[in-house]
Amino acid sequence: MSRRIAALAIAQGLVAVVVAAAFPDGASALGVRPEVVAVGGCGFGIIGSLTMHIELRRHAHAVTIVEAALVAALFHLHPMEVVAAAMAGELLACVVRRQRVLQLAFNVTAAAATTSLAAAVFTALPGGDPLDARSWPSAFLAAGCYGVASHTSTSAVLAIVERRRFRHLFTLSFAPSAVATGVSASIGVLVVMQAAINLAAVLVVAPIVAVMVHETQRLAAHRADHLRFKRLYAASARTGRLVTQFEAMATLADEARSLVTGAAAVCCATDRTGRWHGIVVGDEGNRLASDQEVEAALRLRDAAPSGELTGDGVPRLLSRLAAPVESLVFAASAEGAAAPLVIAVARQLPGSRDEARAEVLTAFAGHAALTLANAALYADVEDALAHEVDLNRQKDDFVAAVSHELRTPLTSMIGSVASIRRLGEKLTPDKQSMLIEVALRQGARLKQLIEDLLLLSSIEGAPKVSRDIDEVDLAAMATDVASELGGPRPDAPAVAITFHAGELPPVRTDEGKLRQIVTNLVENARKYAPDSDIEIVAGAAAGVVTVDVIDHGEGISPADRDRVFERFTQLDQSATRAKGGTGLGLYLCRRLAGVLGGSLELSEAPGGGCRFTLTILADVTTIDLQASEADRSEPCTLVHA
Amino acid sequence: MTMIDSAVKRVLVVDDEPDIRAFLELTLEASDFEVTLAEDGIQGRALARSVRPDAVILDVMMPGADGISVLRSLRDDPATADIPVVLLTAKTSDQDTWAGWEAGANYYMTKPFDIDHLIAFLESIGNTDDPDAEGP
């Protein structure tokens, strides 16, 4: 980009040299009076910096009345002096604005080329006496020439800097710049005529010009304000319906970026856990802000609620958002806003002390907070709905599963009894007693299922599970369970159930529930590992008591270990049914463990088999039951019908 | 006694629930059927091909191959396509019932079912050729 601007500057310099060489008495700088150039330079500089604003076809254009100075100079100074004075004036203006060398070179050569063209036209045409009307067209033509050349040069450099099409830029502001040239040239001719009559008469024009300039600047400021807020409302309207947080953050950053004409922007906001995140939007697209960038943005907020930093004031991390950064505008949502956020926009255009940008961004931040709060609310509602739908689905599944589980034993019961009635005398006594056995066995299974369901209901359905907490002698309880369940059964021989324990602390818990868990686990082991001895091992660690129930049966593959805790999951259904399982035992055990402030896990026993490890709090009163149950966030799925 | 009754009907019972198999076997045998038992869908499919029963009583929810898929494969095989099949299921929703009929069930009974109805259906099989035939 710089090279092309430099080339443009060189071309302008060449034009100036060639044109000046064609001046009637040559390009000799010998006749140039330094004091005239100095005074003329100041004149050009001051008048050139009086910017006015013209609004045409919804576009505002900045113009100057420098042509007035040019016309005055053309009548009174040597062409070479005009060029030198214009160059000096431009140099002065550039130095005052602290422009870079390249900009300075471009502006000064532009002044040289355009004024030399104007001077050449003026000298080639008749005139010289301001009071002679024939010289006025010459002055207007020269000013017009200057205007066109100047507009061409400005459009060319803008096309390079803004990467826009030259033709578009040229035509876009041609009309206002022509109007400005005409007006300025008229002022110039007027001044020259006045001066020819009496030098003091020039002062008559000064107040008119001053008022004109002031008024257009005031209008321009109004217009800028109006546009800013129009853009703010448009941006707010566009972001009002955003529903996901990250989408909202990205769009807010993007809108903020265009709102204050920035190159890149970062929008930081908190997620539901209160953690800050940021999204950076730049020409390369969107990305997540690094933690350091987010911290830098937060430090800005801590220093001031909003503002614009320029030059070295921009934090180093944020200056990398878009290189080179000229200024950084930032704003945070007001304290107590619906959603806290910080927006920072890096600009590549010169910053200013003008606070309008920070003000607009603050207004936008207020709106953005609402948008983000909206998005968060929407997400909450969506989650709640999904949860509700999931609960309903689980409820349906559960009802279907319960229905199936109830119907199965009922089928055998009713079928057996109906067969006895149907066949009557045809049945031999042993067949009859077999059918009665089936009915009784399935009746017992049904009873167990109903008991499990009632227990499940008491855990899941009740708002608060009642616990009967007392001092529990864990060793005595486990020994009791072991002796109760170890005996021979009709379908299985007696097995050895042993109990080992180290030093046990006093345990305060619900004995009934603890006994139920241990009993279920031992029953489970007897079902799945009928020939294996069973060990119950109790131990204690910081604040908790563990009870392991270990068998040496076939064990359960790691992939299936979690499934055994699901409701109505029977890994080997035929085996389970043959033994009258309900499919709820282990699920209930785990839930009961939760009620006692603990957990139940399955791992492989040393040497093969299953090891169920129950971990419960040594003193269950140390936790708040409601909280611990809420943490599990297990849906309540049992239907009370 | 009609001619058809003179041949003993063979019934294949496919159910994973041992007690259901047990009382069906006992009751059907006492009602003069020849009963073959299968514990799951895969065994049931194999037995249907080898035994060529006169009717199949098929449970729907079984581990491995479920009743619906067994029924479909029976219908796809010309050797077993015409065997009457009674689906037994604890599933009661319309959707499940439709799936059963669509797969080609001849009769659909939800658990707990009426053993008298089941036997009446089994006895009616094959009697359509002889409108005068009556049950016992």
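1. Let me start with A:Phe106. Setting aside neighbours within four places in sequence, its contacts (heavy atoms within 4.5 Å) are A:Ile5, A:Leu8, A:Ala9, A:Gln12, A:Ser153 and A:Val157. This residue sits in helix α5 of chain A, where helices are DSSP runs of H or I with at least four residues, strands are runs of E with at least two, and both are numbered from the N terminus. A:Phe106 is buried, at 6% relative accessible area; buried means under 20%, exposed over 50%, and partly exposed in between, with a 1.4 Å probe and protein chains only.

2. A word on conventions. This is a predicted model, in which local features need pLDDT of at least 70 and side-chain atom pairs count only at pLDDT 80 or more, while totals for chains, interfaces and linings use all residues. Residues are numbered from 1 along each chain as its sequence is written, chains are lettered from A and ligands numbered from 1 in the order in which they are written, and side-chain values use heavy atoms, leaving out hydrogens and water.

3. Next, helix α6 of chain A. Its 27 residues (135–161) reach 39 Å from first C-alpha to last, close to the expected 39 Å; that expected span is 1.5 Å times one less than the number of residues. After α6(A) comes A:Arg163, with a positive phi near 50°.

4. How many aromatic pairs are there over all chains? The count is 7, taking rings of Phe, Tyr and Trp (its six-membered ring) as paired if their centres lie within 6.5 Å, with planes under 30 degrees apart called stacked, over 60 edge-to-face and the rest tilted. The A:Phe75 and A:Phe122 rings have centres 5.1 Å apart and planes at 75°, so this pair is edge-to-face. It links distant parts of the chain, with A:Phe75 in helix α3 (66–76) and A:Phe122 in helix α5 (101–124) of chain A, 47 residues apart. A:Phe75 is buried at 11% relative accessible area, and A:Phe122 is buried at 6%.

5. B:Phe23 lies in helix α2 (18–30) and B:Phe113 in the loop between β5 and α6 (115–124) of chain B, 90 residues apart. B:Phe23 is buried at 0% relative accessibility, and B:Phe113 is buried at 6%.

6. Two further ring features are in chain A. Ring pairs join A:Phe166, A:Phe170 and A:Phe174 into a cluster. A:Arg590 lies over the face of A:Phe565, 3.8 Å from the ring centre; the rule asks for NZ of Lys or CZ of Arg within 6 Å of the centre and within 35 degrees of the ring normal.

7. Finally, the sheet in chain B. It is open, with 5 strands in the order β2-β1-β3-β4-β5 and parallel pairing, where two strands pair if DSSP finds at least two bridges between them. Strands β2 (33–38) and β5 (107–110) of chain B are at the edges with a single partner strand each, so one side of each has no neighbour in the sheet. From one strand to the next, the twist averages 20°. Parallel strands β3 (55–59) and β4 (85–89) of chain B are joined by 4 bridges, and B:Asp59 has B:Leu88 as its bridge partner in β4(B).

Note on methods. Axes fitted to C-alpha atoms, helices over the stretch in contact; angles between N-to-C directions.
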